[in-house]
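My notes follow in the order I made them.

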Amino acid sequence: TNVVIEKEVTGLGAGTFSGCTSLTSITINNYNQVLTLGEGAVPASATVYVPANLMTEYNMTDGWATLTIKPNGDVEQMAGITFSASNGYDTFAAGEKALIVPSVLKAYTITDINGTGLKLEEVDIINPGQAVIVYNAKNVPSDLNIYTAPTTNETKGGGANLLTVAKEDTDVKLGDAYILHNDVFYYCQAGTIPKGHVYLPNSEPAKTR
């Protein structure tokens with residue numbers, strides 16, 4: 001009667017749920033794009049719950065516009081971010097719900113480490129449990145020297161995110177990980193990263209400094 005479409009799915013082919021006469025609701029958890037829709041993929045009697053940030057797009061897209069579309073309630077507005085005088089940006093992790101990044105902020109995942117540079121990809125939605133760097137949108141300088149911005153038109157958030165949330169108190173050795181301090185990622189000394197803190201694992205020490 002109820003189906004959940006996970007975030008990795010990008011489309012429903014023709015007749016996907018044809019013959020599912022008991023299906024009453026479909027929940028879509030891809031927060032980054034409107035799913036493609038094949039002919040007869042969704043029964044007209046089913047209610048489709050879509051991410052709130054994409055409601056307008058779904059209601060204006062051929063095929064979807066003829067169905068009953070409602071917000072899935074799993075996306076909230078990101079709030080409560082403050083920056084200290086010494087930090088122009090900070091690490092952050094979403095909880096159990098996805099978060100819409102408001103226009104006053106910029107959020108990035110880290111997809112590569114190379115030398116002294118970090119490759120960042122901007123995201124508009126922070127998925128549940130995802131770790132990001134958050135920056136005040138008004139103050140993002142064009143010459144940030146901690147990362148190398150993508151040079152191609154890549155899909156937002158398409159790369160694997162290296163930032164990690166400590167699910168429990170995590171013991172590390174010197175050089176195992178970086179933590180953000182005063183706008184720079186520093187090697188952790190040997191010790192414990194507290195539960196819930198965001199860090200950057202260092203899997204290739206020979207490449208980084």
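I began with an open sheet of four strands, in the order 15-20-17-18, with antiparallel pairing. Strand 15 (164-165) and strand 18 are the edge strands, each pairing on one side only. Strands here are DSSP E runs of at least two residues, helices are H or I runs of at least four, and both are numbered from the N terminus. Two strands pair if DSSP finds at least two bridges between them.

This is a predicted model, where local features need pLDDT of at least 70, side-chain atom pairs count only at pLDDT 80 or more, and totals for chains, interfaces and linings use all residues. Residues are numbered from 1 along each chain as its sequence is written, and side-chain values use heavy atoms, without hydrogens and water.

Next I checked the pairing at strand 18. Strand 17 (residues 177-181) runs antiparallel to strand 18, and four bridges join them. I found Ile-179 opposite Tyr-186 of strand 18.

Then I turned to Tyr-187, which lies in strand 18 (residues 184-187). Buried means under 20% relative accessible area, exposed over 50%, and partly exposed in between (1.4 Å probe, protein chains only). From Tyr-187 to Pro-201 I read 9.7 Å, C-alpha to C-alpha, across 14 residues of sequence.

Last, I noted the whole chain. I counted one helix and 20 strands. Buried residues make up 37% of its 209 residues.
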